[in-house]
Amino acid sequence: IFFVGKLGIGEELIKQLDDALTARELIKVGVQENCDYSAREAADEIAQQLNADVVQVIGRKFVLWRRSKDPKKRVIKLD
């Protein structure tokens, strides 16, 4: 799990999330109470920057998915 905190959505967070999506396809992210973003706002902003899809937003957490370029790492088969 990753968290968006009071520092907001910075380059380092985007890099870490990009690496996690590359490795796993599906990740969960939490938004701390001291963050200026709502979970929906953070999910939409991050998904746009990472070319990912928002799967779900519940409370202060959201799930992102991005299809892996490596067929061996694909969790969800779309073909």
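Two strands count as paired if DSSP finds at least two bridges between them. Strands (E, at least two residues) and helices (H or I, at least four) are DSSP runs, numbered from the N terminus.

This is a predicted model: local features need pLDDT of at least 70, side-chain atom pairs count only at pLDDT 80 or more, and totals for chains, interfaces and linings use all residues. Residues are numbered from 1 along each chain as its sequence is written, and side-chain values use heavy atoms, without hydrogens or water.

Start with β2 and β4. They pair in the antiparallel sense over 5 bridges. Pick Ile27: its bridge partner in β4 is Leu64. Now colour β4 by accessibility.

Next, select β3. Another 5 bridges join β3 to β4, again antiparallel. Ile58 stands opposite Lys61 in β4. The two strands form a hairpin with 2 residues between them, and Gly59 in the turn has a positive phi of about 60°.

Move to β1. It pairs with β2 (residues 26-31) in the parallel sense over 3 bridges. Phe3 has Gly30 as its bridge partner in β2.

Then show helix α1 (residues 11-24). It packs on the sheet and touches β1, β2 and β4 (61-65) (contact: heavy atoms within 4.5 Å). Its direction makes about 150° with that of β2 (axes are lines fitted to C-alpha atoms, for helices over the stretch in contact; angles run from 0 to 180 degrees between N-to-C directions).
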